[in-house]
Amino acid sequence: MPKDTAFRCTACGASHSKWSGQCETCGAWNTIEEAQPLSERPKALSGRGKAIPLTDLATKAEAPPRTISGVEELDRVLGGGLTAASATLLGGDPGIGKSTLLLQAAARFARGGLKTLYISGEEATAQVQMRAERLGLTESPVALASETNLRDILTTLDQERPQLAVIDSIQTMWLDTLDAAPGSVSQVRAAAHELTNFAKTRGISVILVGHVTKDGQIAGPRVVEHMVDTVLYFEGDRGHQFRLLRSVKNRFGPASEIGVFEMTGRGLAEVKNPSALFLSHRGTPAPGSAVFAGIEGTRPVLCEFQALVAPSPHANPRRTVVGWDGSRLAMILAVLEARAGVPFTGLDVYLNVAGGMRVTEPAADLAVAAALISAREDAALPATHVIWGEISLSGALRPAPQTENRLKEAQKLGFSTAIAPETKKPVQTGLKMRQMADVSDFVEAIFGSREPTRG
């Protein structure tokens with residue numbers, strides 16, 4: 001007797017007993033497809049799926065072997081190097097430099113003794129060679145191939161047995177067993193599954209390139225991100241030369257780690273001290289500028305928040321944000337008005353993180369508030385001050401973790417005073433600490449004695 005047909009949502013992976021237009025789990029439309037049935041004959045677990053007592057894992061489990069590329073920023077984001085038998089997904093905007101980064105990384109791995117195969121589904125091998133020549137990588141022992149048929153790619157990988165395979169990109173791959181166009185949801189999901197499974201069973205490392213949608217998410221089903229071990233995003237504004245490699249998922253290391261690169265005529269160059277880079281163009285202190293001491297992963301990074309406040313000619317004032325969360329800006333403006341008596345009604349507010357940096361840490365609240373009030377009052381903050389702290393809806397300031405690391409980075413760059421929330425644990429540092437209990441104390445201490453100079 002045949003089993004009932006199963007249906008699965010390609011966006012969230014939820015199972016359904018019948019087809020419907022909308023997934024009840026995630027709410028996505030037209031994402032439910034018929035699932036391929038498993039074999040009718042049940043089989044015991046075998047290979048890497050063999051059941052092992054948990055008590056044995058404590059004594060037999062070992063850290064996965066890693067290979068260092070020599071590109072410190074890349075190795076940092078990967079959690080200490082490339083892990084064997086792993087799948088990594090790299091996403092980024094078109095033209096941001098994903099292929100350049102991976103070609104440079106493949107060349108470094110190959111020169112380090114790792115057998116490397118670079119497969120491009122978007123360019124011919126001659127085009128990849130031209131890029132390698134421009135980057136000065138022609139002496140690197142990297143094998144190149146141009147193919148989109150996944151059956152041929154897997155056969156080649158099985159014959160060549162490389163230790164690292166780069167697939168550029170996953171959206172161009174297709175399986176001849178599926179009646180769907182390359183780049184469709186089913187093709188992307190199936191190709192990612194086959195390549196990930198191949199990496200696990202053969203013990204090689206696979207890096208997949210993924211295109212992103214207009215809202216910045218990797219195109220295709222989200223289940224692809226769950227399949228792989230590591231998800232990286234290559235970020236940056238093509239108008240700036242800086243690029244950020246950010247880890248959003250890593251089964252072998254810390255997530256939210258970042259690596260900073262600079263786009264040059266010879267490819268991507270590492271930035272060993274991103275704080276100095278992001279603050280390199282700071283000149284004479286100007287109203288609306290505040291330096292934030294943040295933590296990205298395990299690394300302290302200092303960056304500059306810039307604010308502009310001006311009378312609005314519109315009935316609804318503008319709130320424009322670049323590099324930060326717009327909803328959080330609205331919350332900070334509301335707290336400043338309700339808890340500190342600083343109104344922004346009838347004023348356009350523009351907020352920017354200098355250098356193309358994107359900040360997600362809640363500890364940036366106080367630096368944003370300082371930049372906003374500085375712009376509103378037309379009063380510049382001292383150039384030697386660095387600020388951090390999370391603001392609650394009550395106006396209280398909450399301490400942020402890794403205070404000592406923030407202070408050491410600020411001191412290294414020449415700052416002498418830190419404005420931060422109160423902490424119970426004493427901190428030994430050469431910087432002067434000005435600790436604040438709530439946002440009203442902060443406004444009074446920093447701006448209370450100053451008269452507005454606007455107009």
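The legends below describe close-up views of a predicted model.

Residues are numbered from 1 along each chain as its sequence is written, and side-chain values use heavy atoms, with hydrogens and water left out. Because the model is predicted, local features need pLDDT of at least 70 and side-chain atom pairs count only at pLDDT 80 or more, whereas totals for chains, interfaces and linings use all residues.

**View A. Helix 11 and the elements packed against its buried residues.**
Helix 11 covers residues 403-412; helices (H or I, at least four residues) and strands (E, at least two) are DSSP runs, numbered from the N terminus. Thr403, Arg406, Leu407, Glu409 and Ala410 of this helix are buried, where buried means under 20% relative accessible area, exposed over 50%, and partly exposed in between (1.4 Å probe, protein chains only). Seen down the helix axis, these buried residues fall within an arc of 165 degrees, so they line one face of helix 11; the arc is that of the directions from the helix axis to the C-beta atoms. Lys408 and Lys412, on the other side of helix 11, are exposed. The buried residues pack against helix 8 (274-278) and against strands 15 (289-296), 16 (299-311), 19 (385-387), 22 (417-421) and 23 (432-436), contact meaning heavy atoms within 4.5 Å. Just after helix 11, Gly414 takes a positive phi of about 95 degrees.

**View B. Helix 3, largely enclosed by the rest of the structure.**
At 1.5 Å a residue, helix 3 (residues 98-111) should span 20 Å, which agrees with the 20 Å between its end C-alpha atoms; the expected span is 1.5 Å times one less than the number of residues. Helix 3 is followed by Gly113, whose phi is positive, near 105 degrees.

**View C. The largest nonpolar core, with Phe305 and Leu372.**
The largest nonpolar core has 63 residues, and Phe305 and Leu372 are those with the most contacts inside it; such a core is a set of buried Ala, Val, Leu, Ile, Met, Phe, Trp, Tyr and Cys residues joined through side-chain atoms within 4.5 Å. Helix 10 (residues 365-377) supplies the largest share of this core, 9 residues. Not counting residues up to four places away in sequence, Leu372 touches Ala307, Val309, Leu329, Ile332, Leu333, Leu336, Phe344 and Val349. A second, separate core of 31 residues includes Leu90, Leu102, Leu103 and Ala132.

A search of the whole structure finds 18 salt bridges, each defined as a side-chain nitrogen of Lys or Arg within 4 Å of a carboxyl oxygen of Asp or Glu. Asp229 counts as buried at 2% relative accessibility, whereas Lys200 is partly exposed, with a relative accessible area of 22%. Asp365 is buried at 0% relative accessibility, while Arg328 is partly exposed at 22%.

**View E. A network of salt bridges that includes Glu235 and Arg246.**
Glu235, Arg246, Glu296 and Arg358 are linked in a network of salt bridges. Within this group, the side chains of Glu235 and Arg246 meet at 3.2 Å, N to O. Glu235 lies in strand 11 and Arg246 in strand 12 (residues 242-250), so the pair ties together parts that are 11 residues apart in sequence. Glu235 counts as buried at 16% relative accessibility, and Arg246 is buried with a relative accessible area of 5%.
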